[in-house]
Amino acid sequence: IEIPHDFRHGVNALFFRTPGELADALEWCSHHPEDARDMALSGYRHFKSFHTATARARQILWALYETARCKGAVGLE
């Protein structure tokens, strides 16, 4: 599926598929605590901006508005 404003591995999240990859991620975090903290804060900010119920409602309303505007149902006031 396509996830708008998805998290990015190594930027604002750490993804893993296997227990071994999880262990590697946790080891990296323990050896790079400041970088891990920065990534966690970036992920939190990203979550608050794009993935809360309020943010999702805003995205849906904007998509509906844009669809109506493109069909001429509403104009820019």
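His5 is partly exposed, with a relative accessible area of 40% (buried means under 20%, exposed over 50%, and partly exposed in between, using a 1.4 Å probe and protein chains only). This residue sits in the segment before H1, and its phi is near 60 degrees, a positive value in a residue other than glycine. For background, most residues other than glycine have a negative phi.

A word on the source: this is a predicted model, where local features need pLDDT of at least 70, side-chain atom pairs count only at pLDDT 80 or more, and totals for chains, interfaces and linings use all residues. Residues are numbered from 1 along each chain as its sequence is written, and side-chain values use heavy atoms, leaving out hydrogens and water.

**Overall picture**

- The protein has three helices and zero strands, counted as DSSP runs numbered from the N terminus (H or I, at least four residues, for helices; E, at least two, for strands).
- Read along the sequence, that gives the pattern α-α-α.
- The radius of gyration of the protein is 18 Å, while a compact globule of 77 residues would have one near 11 Å (taken over C-alpha atoms, with the globule rule being 2.2 Å times the number of residues to the power 0.38).
- Along its principal axes, the C-alpha trace spans about 55 × 25 × 15 Å.
- The protein exposes about 6400 Å², and carbon and sulfur atoms supply 60% of that (areas come from the Shrake-Rupley method with a 1.4 Å probe; for residues, only the protein chains shown count as cover).
- Take the contacts with a separation of 6 or more: residues 24 or more positions apart account for 50% of them (contact means heavy atoms within 4.5 Å).

**How H1 meets H2**

- Two packed helices are described by the angle between their axes and the distance between the axes.
- Here, the axes of H1 (residues 19-31) and H2 (residues 33-50) come within 5 Å and cross at roughly 110 degrees (axes are lines fitted to C-alpha atoms, for helices over the stretch in contact, and angles run from 0 to 180 degrees between N-to-C directions).
- That makes H1 roughly perpendicular to H2 (angles under 35 degrees count as roughly parallel, over 145 as roughly antiparallel, 65 to 115 as roughly perpendicular and the rest as oblique).
- On the H1 side, the contact is made by Trp28, Cys29, Ser30 and His31, and on the H2 side by Pro33, Asp35, Ala36 and Met39.
- Sorted by type, the residues of this contact are five nonpolar, two polar and one charged (Ala, Val, Leu, Ile, Met, Phe, Trp, Tyr, Cys and Pro count as nonpolar, Asp, Glu, Lys and Arg as charged, and the others, Gly among them, as polar).

**Residues to look at in H2**

- His46 lies in helix H2 and, at 13% relative accessibility, counts as buried.
- Not counting residues up to four places away in sequence, His46 touches His5, Asp6, Phe7, Asn12 and His51.
- His46 and Glu21 are 25 residues apart in sequence and 23 Å apart in space, C-alpha to C-alpha.
- Phe47, also in helix H2, is partly exposed, with a relative accessible area of 37%.
- Leaving aside neighbours within four places in sequence, Phe47 is in contact with Phe7 and Thr52.
- Phe47 and His5 are 42 residues apart in sequence and 9.3 Å apart in space, C-alpha to C-alpha.
- Asp35 is found in helix H2 and is partly exposed, at a relative accessible area of 42%.
- Asp35 and Val11 are 24 residues apart in sequence, with 9.8 Å between them in space, C-alpha to C-alpha.
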